[in-house]
Amino acid sequence: MQHVRSAAQLLLRLRSASLADYRTSRPGPLVGSRVVRLWTLTPAGHALLARQGLSPPDEAGDLLPYGRPARWPEVARRRSLPVLVVAYRLLTYVVQRVDRPVRVAAWEHPWIRTLGQTETSRVRHVRLPAAAALIPTNASSEQSQGLLLLPDLGTLPVASYRPVLRRLIELAQTAAVKQPEPLLIVGVAAGSRSPARVTIWRALLQQVARQAGERPLHARVVACPEAFVAGAHKNRRSADQAEHALGLVSRHPLLEHGQLATLLDISRSSAGQLVNQLASNGWVRAFRSGDVTADAVGRRPGRPRQLSLVELTAAGRREAAQRLLLPATVAARHHGLLGSDSNTRRFARHLAHTLGANEVFVAFVLAARRMTARGGDEALEEWRSAAACARGRFRPDGYGCYRRGGSRFGFFLEFDRGTEKPREYAAKLATYYRYRDSGTAARDFKGFPTLLVVTTSAAAEARFANQAYLAQQRHGGAPLLIFLTTTTRIQACPEGVLGPIWRSSAEPWVDEPVRICWLARPGDLPWLRAERGVRVADRRGTRPSLDTERVSGQTDVVDKRPSRARPLIALSPLTCR
């Protein structure tokens, strides 16, 4: 069938004959905010197929990759409908690019196979969103091609799929079913960074095979078109803002209405309306703070006041995880989703610290907005909470990626209210050195990010600078790149956090240290000069490695190799290039 309209007319005729029916679903902002119809046969439709001898034979399940499942998944226990919608779209994308007409002989969602038991008698499984078997419609041979479908919407680091690939290699070596090796299709959602993720996926497939001592999996990594995750109406501004607001609240604890308004670039009253809309769904609730002192950026000295804070509920945490198409525990690990009472109590005990760290990142957003208004091209592309970037005892107050033109600069933030002792500063800096020198940091970052320290007093700044200098002497080697400033200097500087307000940790005994910009001024960057096509090569702290590519990744790698000239799958009779 060549046209969508013809398929729609056929489905409506089947529905009028009570042979098919549909249910509506809104997959969510990641897949598409508009309502979609999910069609299925009615009992009368199944009975008609059985009478006509058109029902799939029982042997069709044997055509699936590695045979039929030990137990077919129950409909009620299947993953969320958005995953099913994405899997169908990826299958459609594949079938459209096969070099001959085919039909889907078998389908399984989700696809689960058992690997065996471990030494502790624990059964291990390998799981993918979907699998299918394709058969040529006009061929005399009934040889099928098994497909394993793995959509990648960018909500997880590419390296998080390493265990799945390892288990697929193990399954290929130990499977008792004698059939051709299935083709793994990794569909990367289209976007500005999809070429980078495609490149990283290919590298990961090769790397996992080398580590296992086996040949690479039979796989194709493709960048799917916008239709892979399309569906949002561009004129649904209010709904899009509400979804964006939920994403911010779910990742960053105890945002204030004014901060939310700044991040969304709307008025405070509009931010309040969005919060009320989310609260009516039971996803957020108000957290009434006590009097907060002027320890945070943007607070007027001597003017403590009550703040209207927003926190995520347990239902909101589940909703935010579902919109990422992830289990709640996985979303909490990789995105820092909060929402439990214990998390709320922990952040409430350090409310001024939490608000101060939030305000620093909001200050970066405001500074980038001012530079863009002056003709620049700058943005805070990524803001990860403390929960999202924590690695064991290494727990910064946040991670950010600031883009200036074509260059990206990663940084960790430490917000200090002057309440810690020098030995606590020393212990904190030691965790930075241990993390930097570990293999985890090398996988996470290409060049270690800058450490920005914002304190609430000049005395605290001097104490931290002194401990940073001593830590450098103790650990030796290349020192951490550390810049320090105070909230007062940020408020007083017209350029805010981008101005010449930062000091280094070198020579901490100097009474009046030199203040500089932690980023090169726009006029000093080659990408703002007259030369065309010149870009800054230094991307300190950006993350183009296997552990890093997310929905808001930081790389700009472009794979310019054309791929439209040949089909995705060539069947001859059913062999793949």
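**View 1. The hairpin of strand 14 and strand 15 holds a glycine with positive phi.** Two residues lie between the strands of this hairpin, and Gly 405 takes a positive phi near 65°. The model is predicted: local features need pLDDT of at least 70, side-chain atom pairs count only at pLDDT 80 or more, and totals for chains, interfaces and linings use all residues. Residues are numbered from 1 along each chain as its sequence is written, and side-chain values use heavy atoms, with hydrogens and water left out. Strands (E, at least two residues) and helices (H or I, at least four) are DSSP runs, numbered from the N terminus. Strand 14 pairs with strand 15 in the antiparallel sense, over six bridges. Two strands pair if DSSP finds at least two bridges between them. Cys 401 stands opposite Gly 410 of strand 15.

View 2. Strands of a sheet pair through backbone hydrogen bonds, either parallel or antiparallel. Strand 15 and strand 16 pair in the parallel sense over six bridges. Asp 416 has Thr 455 in strand 16 as its bridge partner.

**View 3. Strand 15 is covered on both faces.** In a regular strand the side chains alternate between the two faces of the sheet. Ser 407, Phe 409, Phe 411, Leu 413 and Phe 415 are on one side. Arg 408, Gly 410, Phe 412, Glu 414 and Asp 416 are on the other. Ten of the ten residues of strand 15 are buried, so it is largely enclosed by the rest of the structure. Buried means under 20% relative accessible area, exposed over 50%, and partly exposed in between (1.4 Å probe, protein chains only).

**View 4. The largest nonpolar core has 47 residues.** A nonpolar core is a set of buried Ala, Val, Leu, Ile, Met, Phe, Trp, Tyr and Cys residues joined through side-chain atoms within 4.5 Å. Phe 364, Leu 498 and Trp 518 touch the most other members. Elements giving two or more residues to this core include helix 6 (237-251), helix 12 (351-373), strand 13 (378-384) and strand 15 (407-416). Helix 12 supplies the largest share, ten residues. A second, separate core has 33 residues, among them Trp 111, Ala 131, Leu 171 and Val 188.

**View 5. What does Trp 518 touch?** Leaving aside residues up to four places away in sequence, Trp 518 touches Phe 364, Phe 409, Phe 411, Thr 450, Leu 452, Phe 483, Val 497, Leu 498 and Trp 502. Contact means heavy atoms within 4.5 Å. Trp 518 also belongs to an aromatic cluster with Phe 361, Phe 364, Trp 383, Tyr 402 and Phe 411.

View 6. A search of the whole structure finds 19 aromatic pairs. Rings of Phe, Tyr and Trp (its six-membered ring) pair if their centres lie within 6.5 Å; planes under 30 degrees apart count as stacked, over 60 as edge-to-face and the rest as tilted. Phe 364 and Phe 411 are stacked, 4.8 Å centre to centre with 25° between the planes. Phe 364 and Phe 411 are buried. Phe 394 and Tyr 432 are edge-to-face, 4.8 Å centre to centre with 85° between the planes.

View 7. Cys 493 is buried, with a relative accessible area of 14%. Cys 224 is buried too, at 2%. A search of the whole structure finds zero disulfides (pairs of cysteine sulfur atoms within 2.5 Å).
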